[in-house]
Amino acid sequence: MKHLRSIVTFAAIAVPGVLVATTSFLTPLTPGTLDRSPEQVRMPTADTRVICPGPLLTDDEAEGTDAEFVDDSNVSTRVVSASAPISAADGSVSAARLQVADLGGSANFDNPSSDGFISGDDPIDQTKLITGFARPGAPALTTGVETVEGTSGDLTGLATLTCGAAASNFRILAGSGAAGSNSQLLLSNPGDVPVQAEVALMTPSGQRGEPTEVSIKAGKQRAIRLGGLAGGAESLAVDVKVDGGVVSGSLQETVLDGLTPKGIDLATSGADADSQQVVTGLNGKDARLRVANPSDDLAEVSLKAYGPDGEIDIPRSSMTVVAHGVAEADLGDLEATSVILDSDQSIQASAFIGQDGEKGSADFGSVNATDTLADSQIMALPRTGTGKLYLSPGQGQVQVSGMLDDGSLTEPQSIDLNPTGTTEFSPAEVSPDAVRAIVISGENASGSQSDGVHASYVVTTDSGISSVQPAPAPAGVAYRDIRLG
């Protein structure tokens with residue numbers, strides 16, 4: 001378990017009473033080996049807190065007014081939470097204490113620090129707050145994944161989501177204002193005081209109107225219907241900024257074509273805007289790429305795609321995106337594909353993949369652009385369907401350990417990366433027992449066609465398709481040079 005003993009560096013912390021002299025981080029010194037300089041300060045660990053949005057919101061307007069209306073949707077919403085071992089500065093190894101609570105309410109359960117823990121596939125009926133409590137000198141390697149599965153009625157399909165942390169600003173590339181789409185932005189406030197958020201919508205023609213101000217009460221979730229703000233816009237990106245606090249945001253979309261269900265989805269923010277974006281795991285029908293341009297100038301974007309056997313041709317090799325707008329490119333049916341986008345502006349990207357259902361129904365799932373794999377990240381897996389992990393082109397090896405029902409980790413298995421293509425890996429290869437989560441290390445890997453190696457997990461069932469991404473690396477421990485006085 002060598003990869004579990006690496007310490008993740010911590011960024012952008014202000015230390016009261018000292019003046020930061022350098023911006024570089026130093027590897028933590030092992031206790032008892034060397035004396036630390038008085039000009040070095042150990043940066044603190046931080047708890048990991050993520051929010052799972054809860055059940056899909058549905059339209060009830062027709063009930064009670066239309067004698068023929070029957071809401072016969074059979075939908076279950078579940079959450080899996082996990083805490084994996086990680087080493088502290090003193091060399092000890094254990095998994096963080098893990099708590100799951102109702103947002104703004106009491107705890108459902110509180111598991112102490114352990115050798116590793118993963119919850120059951122717990123049904124939920126409201127928004128959940130998952131907290132991993134950092135130990136002194138050790139960050140919390142924890143995560144949660146929400147699964148929404150509809151097997152009948154209007155809400156047929158599969159939606160999965162790696163539960164996200166709260167932030168003061170973020171952008172979600174999902175949703176639509178077109179007819180048949182019910183897109184709602186869900187904003188959750190984990191704090192103790194109300195917050196004000198500004199919501200701006202980016203469309204193919206640019207930003208739609210002025211930002212909308214929204215108030216979210218402490219410990220509450222608020223839903224904003226996007227159709228009324230951007231009616232007719234086929235594709236959206238939602239820009240959220242918060243004054244005096246943080247919120248967690250996700251976007252749910254349900255689609256109907258007349259009376260035929262065309263899918264359900266949950267999406268959250270992906271990698272931050274940059275001149276390069278990598279989306280991997282495009283494995284499905286009718287793949288679409290969505291790009292947002294938050295800059296004040298036109299963005300020219302080049303596209304390259306890599307399947308399992310190397311670079312492949314796709315219908316579009318470039319895109320143009322207006323300032324403060326979005327654009328989409330249809331890529332057709334794809335198999336195990338990574339798309340690398342390069343631009344003269346900072347952009348953000350996501351993609352959508354589809355699957356046909358019975359009697360004309362269909363489902364779709366969003367796949368976010370992701371950050372480069374870190375030394376140690378965790379991904380809880382949906383407990384339904386079958387799935388595969390996809391890795392963008394790279395050199396070296398990625399190590400994967402499986403977490404079993406009892407919280408134990410298997411020995412790490414090395415995955416050799418394909419330098420010119422997308423690598424596929426089934427977590428079932430790690431152990432004959434059911435693998436409920438995986439811990440991934442990109443310590444010995446580097447990108448060959450892009451800046452770093454990127455990962456996504458795509459899951460399919462008889463009625464749906466969706467994806468999850470690795471939880472961001474936790475805030476860790478480092479020593480930082482300072483000048484006293």
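Start with T147: at 2% relative accessibility, T147 counts as buried. Buried means under 20% relative accessible area, exposed over 50%, and partly exposed in between, with a 1.4 Å probe and protein chains only. T147 is found in strand β12, residues 142-150. Strands here are DSSP runs of E with at least two residues, helices are runs of H or I with at least four, and both are numbered from the N terminus.

Keep T147 selected and show what surrounds it. Contact means heavy atoms within 4.5 Å. Leaving aside neighbours within four places in sequence, T147 is in contact with S76, T77 and R78, with L158, A159 and T160, and with P382 and T384.

A word on what is on screen. This is a predicted model, with residues numbered from 1 along each chain as its sequence is written. Local features need pLDDT of at least 70, side-chain atom pairs count only at pLDDT 80 or more, totals for chains, interfaces and linings use all residues, and side-chain values use heavy atoms, with hydrogens and water left out.

Next, select A197. Strand β16, residues 195-203, holds A197. A197 counts as buried, at 1% relative accessibility. Not counting residues up to four places away in sequence, A197 touches L187, T212, E213, V214, I216, V240, K241 and V242. A197 and S215 are 18 residues apart along the chain, and their C-alpha atoms are separated by 6.3 Å.

Move on to a sheet. Colour β19, β15, β21 and β22. These 4 strands form an open sheet in the order β19-β15-β21-β22, with antiparallel pairing. Two strands pair if DSSP finds at least two bridges between them. Which strands stand at the edges? They are β19 (221-225) and β22 (260-267); each has a single partner strand, so one side of each is left without a neighbour in the sheet. The twist averages 15 degrees from one strand to the next. Axes for such angles are lines fitted to C-alpha atoms, for helices over the stretch in contact, and angles run from 0 to 180 degrees between N-to-C directions.

Zoom in on β15 (residues 181-188) and β21 (residues 248-257). They pair in the antiparallel sense over 8 bridges. Pick L186: its bridge partner in β21 is S250.

Last stop: another open sheet of 4 strands, in the order β33-β30-β36-β37, with antiparallel pairing. Its edges are β33 (423-425) and β37 (465-468), each with a single partner strand, so one side of each is left without a neighbour in the sheet. Here the twist averages 25 degrees from one strand to the next. Select β36 (residues 455-460) with β37: 4 bridges join them in the antiparallel sense. End on V458, whose bridge partner in β37 is S467.
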